Amino acid sequence: MASWKPYTEMTVVGSRQPRIDGPEKVTGRAKYTWDQRPPGMLYGALLTSPYAAAKLISIDATKARALVGVHAVLTDVHPTGNVRFAGEYVAAVAAVDKQVALDAVALIEVKWNERSHVVTLWDAIEEGAPRVFADQENVKENDRGEGDVEAGFAEAEQIVEAEFFTQVQTHSPLETHGSVAAWEGDELTVWDSTQAVHGVREGLAKALAMPANKVRVICQHMGGGFGAKLGPGAYTVIAAKLAQAAAAPVQLMLSRKDQHLSVGNRPDSWQKLKLGATKDGRCTAFECTTWGSGGIGGRGGVPQPYVYQFPAWKQKHHNVATNTGGARAFRAPGRPQACFAMEQIIDEMAWTLGLDPLEVRLLNDGNETRQAQWKIGAERIDWQRWRQRQPGAGAGPIKRGVGMGASIWFTGGRGTKAQMDILSDGTVEVRCGTQDIGTGTRTLIAAVAAEELGLPIEAVQARIGDSNFPFSGGSGGSTTAPSVAPAIKVTAENGKAELAAVVARHLGIATTELTFDGGTVRTASGQSLSWREACALLGATTISVQGEWQEGLSGSNVAGCQFAEVEVDTETGRIDVIKVVAVADCGLIVDRLTTESQVNGAIIQGVSYALLEERVMDADTGRMVNADFENYKILGALEVPEIDVILYDQPERGVIGIGEPPTIPTSAAVANAVFHATGVRLRELPMTPDKVLAALEEA
Amino acid sequence: MRAFDLVSPTRLQDVSSLLEDGKGQILAGGTDLLDRLKERIDQPERVVDINGLRELHGITNGVGLSLGSLTTIADVAEDGRVRDAYTALAEAAASVATPQLRNMGTLGGNLCQRPRCWYYRSNDYPCLKKGGHECYAVSGRNKYHAIFGGGPSYIVHPSDTAPALIALGAELEIHGAQGERMLALADFFQGPRENLLSENALGLDELIARIHLPKPKASTRSTFLKFREKQSLDFAVSSVAVALEMDGESVRDGRIVLGGVAPIPWSVPAAVEQLQGRTLSSAAIDDAAAAAVEGARPLDENGFKVTLTRNLLRRALQQLA
Amino acid sequence: MSQRELDQDQGQEETASAVSRRGFLKGMGGGLLGTATVGTGLLGEEVGAAVSGPPTLSGPQRITLSINGKRTQVEVEPRTTLLEALRDRLNLTGSKEVCDRGQCGACTVLLDDKAILGCMMLAVNVGEREVTTVEGLAEEGEMSELQAAFVQQDALMCGFCTPGFVVSAEALLRSNPNPTAEQIRQGVSGNLCRCGTYPKVFEAIEVAAKNRRGR
């Protein structure tokens, strides 16, 4: 079975390798879906529903069609005419430029019959609330549990109960969703800002009722997805149909407003938790009632109990539908919500019992890796010193504190296939139908291939982002690195084996007498050829091999914990996250530089979720009122904490994904730090100044 | 944006005729206008580009200081004369938006900008300020809205330079069809009971040409504090501009103006009264801060602005002590 | 290349004195574009001041902009933003459209060394000022040391915000070659990144500043 070499024997894998596509990106040469310009391309725009619940009565696009510069108008875009959230696509236009397209959209006349809507979790669960779907209740319950919870609580010497609320968060990638569609005869090429070129090809072919082998999906560079771009979009189908109608390529990219409304979000959650423990901090029982609203998708799961294992536990969960854009997987779905509540209630238990919050966690955390990680993180942030401070202590309006949180995520990966060509001039091309969503996949592929062949990374051309290349799954679930790296290694091994056969034949020896040592081919008898010399033997031919993912080179299950230091201005309510110490297990690290960036990025999104972001709905009119980047606030340069990443190296576990896990515990660590600083617990996200001031006033 | 004609007058006296029919809107830095045009809440036939008007450029010394209305916010913030003698204005200008927007936005534009209210800025809401019948903030999402002077509209005035300039005693030189007139900035803004469709006293045919600051007194201390959720881009959730004339360590007189809490920059003379004749002791500061927020009428979601504003003013006064 | 560009006759670069006779120019007999004497705008010498009305632009115009050191002709309407002119007319797609409302900095370009937002400026307002986009920072295809520092420090991930950051950082270093850590943060405070590259962006700017001073 294949296995990785130890770090000491590797030069590319495990190093701090700058991204090979870095130069393209910093010079503006990298072409994203927004940047594609096939000859004759038209610009598309959408007409969307201003109502959260309505029946489309009629659409009159006569004036729009008559506008000079308009090449196509589609009015049958909505499948049923029964609109269920403000922002649903209702009509589409393709024109010579975006401004003309928007003029045309403004000329389309639509008649609606408005219905009653519910756009908040509270409104949707009320008795007699208007139904989002006529044939179903807004609320669907599912219960789970293990053990005897009543007995567990009876055994407890301390019980803590608390209610938590987390907000709806939108993915907000900088590149909005969108596609460019171009037909050539009956063949369709689509450039799509996507996390799944193969998934989109498959889905698109179905949606257009056409053969999948006539659809090609390309995504060389994409500007972020975070889980929202894992499948084909309605806008892709619309772009393809506009392109057909206009007999020209059409680019349809979502506006920032449409981005917030229609392509996914992280559901909110309302959680009522009850925890029981003995007075030495050992938890005996856990019970919770939870709700999550996933828009028209209806699902808002909150996996409790999270991280900690209890002898008895029960969860009554409610998935709630609302007349808002459907939820989509968003960086560790469900976990940040669950962690925010769980890590605070266990923290509250500790402080209530007069025990060290770290000790209580160590007592209840059965994960071996995390046992070690807690201690490493605690030492780095000097928890022993911070522990001395009582919550809320200290004079003056500016208060400091430290809090902690942990996470678990399942990652793992499989199924990727790849191809490799070794050319007679010694250059190498690797092809894999995966995508680089900002994680550095392109670099990972080149690094693994280069390492295996003993070449410098510059010798390998990594080609990705094309459904013409061998299958790889969508880049979600932190599965890309563990799916792709093994596949590339195996493919490279196959390539090496074929090259060995060529060399052996040439030298008249058995392949078993050959070894690859760095880029040099050596024989048992002491001969050697450079990589170039070996490849030159190919003459006019090329080595072309395939390979696929194999077991033994990757792993799953990522733990991790974080400690956050915050400063709270009790006069204004501002929370500043000063520092986050993150311990992240990551298996075999292919590229230390990009791994650090992933952890940084996850934490920054976590702080943003903790302090700033929130979809604000106007209940009366059923609309999101902050569908922009002014009032939907994502963290900026002036809010960035100092981030100290400790990569918990475990190369023996093989390659593991790390995109999601480090975003999970951040808001919990910050909330616990706020408690430590002020003596006041914030149980609602985001922890904005108004909430801080209100909580301080109540105390 | 809907298509428009772009007219670029070369002489100040040609501007009025381009505005008085109500079909023109002024383009200075464009950072507010373009947003309104893109949202299609404004669709003028004619955009009047005033950037070529010489009289509107430059910061010149006079009795005090004279700033052209087309001076960029960045230039205001970086000018040595402004920093030295008109601290509150320099601090206010430096806090506006982002570096890029400060390079583009103008002082006149900052004073004349329209509200940021999310109902106002959306074409989906025919609100009072756009000639409609309802202020959606009243029963809607109003965390960022007014705690003073609201009704029937509850917008807050988003300008940072306005409170500072009023505190420093600025006067406007306004040009229109009737010629030139001077108007104290303190008298320029108009609340919703006086004027629904705009926030100031400019006639249709008028524009601000220059902003005049009086000669600073040696005994003046001024400061500007802005509180916002994000440390850049965000408009003020609450801001305070303070300019005090000191008599040794006692306060002789001054102006305190609050931003982000009312439909117009909100002068609080009652707060100044609490300080007159006193040193900036913590008792005096507390009294002034309490007086400043006296009579606040919060909405459902913005009560925190009362505490915040009081504390912000205390902090500003502490800094001047 | 868009349908619009194919639909038109794509002119070559002309000299600065070229005058467009296309479009409809009311009030000024010939139509003199460009050459603002003060700030921006389209006023030229007082040619034709005696005729009725000030210079008016209506409908499609061909204007000349100086972009990355080259005089460049581009067809725009008054409502065309600089960003649209760059991305959709001139195929300079390095500057990105992310919010189109001046809230994110992804469209940052330099106007005579100052960082501005292409989406919030009308193309016809640029006048004689020099536009520098991210494409104009690399000389003869070689990355600037700032761009190289971004790559070395991994100050980019998906890369969509990166051109805006690089241009903002360039503006910062041109006006302040020795910025403090706080000044670096302030300098890029108008640029949003969703992937979270900020810490490494700050490092990259520090490294680039040192390298520049070393020269």
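**View 1. What covers the buried residues of helix H10 of chain B.** In this predicted model, the cover over the buried residues of H10(B) includes strand E11 (250-259), helix H9 (269-275) and helix H11 (304-320) of chain B. Which residues of H10(B) are the buried ones? Look for B:Ala284, B:Ile285, B:Ala288, B:Ala289, B:Ala291, B:Ala292 and B:Val293.

**View 2. Helix H10 of chain B from end to end.** Follow residues 282-293 of chain B and you have traced the twelve residues of this helix. From the first C-alpha to the last, H10(B) reaches 17 Å, close to the 16 Å expected at 1.5 Å a residue. Just after the helix comes B:Gly295, with a positive phi of about 85 degrees.

**View 3. Where chain C meets chain A.** Here, 55 residues of chain C are in contact with 67 residues of chain A. The two chains bury about 4,800 Å² between them, and 55% of that area is on carbon and sulfur atoms.

**View 4. A salt bridge between chain C and chain A.** Find C:Arg79 and A:Asp103, whose side chains meet in a salt bridge at 2.9 Å, N to O. How many salt bridges are there between chain C and chain A? The count is nine. Across this interface there are also 29 residue pairs in polar contact, both residues at pLDDT 80 or more.

**View 5. The side of chain C that touches chain A.** Helices H1 (3-7), H2 (82-89), H3 (145-153), H4 (162-175), H5 (181-187) and H6 (198-214) of chain C each supply at least two residues of this side. The largest share, five residues, comes from H3(C). Sorted by kind, the residues on this side of chain C are 24 nonpolar, 15 polar and 16 charged.

Notes
Residues numbered from 1 in each chain as written. Chains lettered and ligands numbered in written order. Predicted model: local features only at pLDDT ≥ 70, side-chain atom pairs only at ≥ 80, totals over all residues. Heavy atoms only, no water. Contact = heavy atoms within 4.5 Å. Buried area = accessible area lost by both parts, 1.4 Å probe. Salt bridge = Lys/Arg side-chain N within 4 Å of Asp/Glu carboxyl O. Polar contact = N/O pair within 3.5 Å; in protein donor to acceptor, adjacent residues only side chain to side chain. Helix = DSSP H or I, 4+ residues; strand = E, 2+ residues; numbered from the N terminus. Nonpolar A, V, L, I, M, F, W, Y, C, P; charged D, E, K, R; others polar. Expected span 1.5 Å × (residues − 1). Buried < 20%, exposed > 50% of the residue type's maximum accessible area, 1.4 Å probe, protein only.
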